[in-house]
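I am opening a new notebook page for this protein. I start with the overall fold and then look inside.

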Amino acid sequence: MISGWRTDSISHKHENKTEHKNLPWVEKYRPSKLVDLISHEEIIDTINKFIRVNQLPHLLFYGPPGTGKTSTILACAKQLYTPAQFTSMVLELNASDDRGIGIVRGQILSFASTRTIFNAGFKLIILDEADAMTNDAQNALRRIIEKYTDNVRFCIICNYLSKIIPALQSRCTRFRFGPLSPTQILPRLDHIIQKEKLTVTEDGKNALMTLSGGDMRKVLNVLQSTALAFGTVNEHNVYTCVGHPLPSDIKEILNWLLNESFLISYCKIQDMKIKKGLALQDILTDLHKLVNQIDFPDATLIKLIIKMAEIEKRVIAGASEEVQLNALVSTFQCTRDIETQ
């Protein structure tokens, strides 16, 4: 009996170790305490003060993805409750769950209206991606928040504040989570590189920062994908892994657009797109940054940028990339003709 129990215990530990090893780095390195969070010091200090004086209000976190909204409230919940209390005191609903008016009147209402006998304090309901909730569901939630404030605290998380009805906004304390700066991301990135024993070059780090746009989740996902696919994380491998054009490719495309004939420009760009698997939308996004540095008169530059914006809009709407590439080349040809005249 004893030997059998030991074998089960060892196998269970081995399973846990394997499971932890196979976790995506986004989850593996998710902060479990408020002090471990890498940014938004003012927000974390304010929430810590709320917890210390036992005066936590209803919270509304909003901002771009990957900026620490969910990590902050989960770390807050782990600080408020013991692991044994967590399942009975915290209800988390994500975008994958049905959150129409039925769920608000059913699951959320029943969780909010019941008290736990042995656990003191309030319960916590986390509504992640709340901007996907219908207006009817948000209106039903408004009354529940008022009625059960003595028993429950709500944390509403969204990307777009405008999609949350004003009545809910007024009942919560709002915190905006802005995109993370490279100085905030780099220490955490270096820590993970050291833990995972990765080979990462400086231009590789810069490429991760450029592509992420302040999204920590994207940094870690691209880092993990590149490390698994190529071994060494450098600029070329990072851009190749995500299928994004290299800065040198964009400069070359701009050079063709400004100096080559219509047919040669089109053929060269189309050939690069096919060989490297590039999307026209990514090319347009990066071209915008370089176009602003061209020494054109203001009127000419304005017309060029408006034309490029119209092309990008049509690409996003699903228009043919070949046709829109023709439009892009012709736009630059027209601009060159105007300048020549």
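I counted the secondary structure first: the protein has 17 helices and seven strands. Helices here are DSSP runs of H or I with at least four residues, strands are runs of E with at least two, and both are numbered from the N terminus. The radius of gyration is 26 Å, well over the 20 Å from the globule rule for 341 residues, so the protein is more spread out than a compact globule. That radius is taken over C-alpha atoms, and the rule is 2.2 Å times the number of residues to the power 0.38. The C-alpha trace spans about 85 × 55 × 35 Å along its principal axes.

I note the ground rules. This is a predicted model, where local features need pLDDT of at least 70, side-chain atom pairs count only at pLDDT 80 or more, and totals for chains, interfaces and linings use all residues. Residues are numbered from 1 along each chain as its sequence is written, and side-chain values use heavy atoms, without hydrogens or water.

Next I checked burial. Buried residues (under 20% relative accessible area, 1.4 Å probe, protein chains only) make up 44% of the 341 residues.

Then I looked for nonpolar cores, sets of buried Ala, Val, Leu, Ile, Met, Phe, Trp, Tyr and Cys joined through side-chain atoms within 4.5 Å. The largest has 29 residues, and Phe154 is one of those with the most contacts inside it. β1 (59-62), β3 (123-127) and α7 (135-147) are among the elements that each supply at least two residues of this core. Another core, of 27 residues, lies apart from it and includes Leu280 and Val315.

Definitions and conventions:
Buried < 20%, exposed > 50% of the residue type's maximum accessible area, 1.4 Å probe, protein only.
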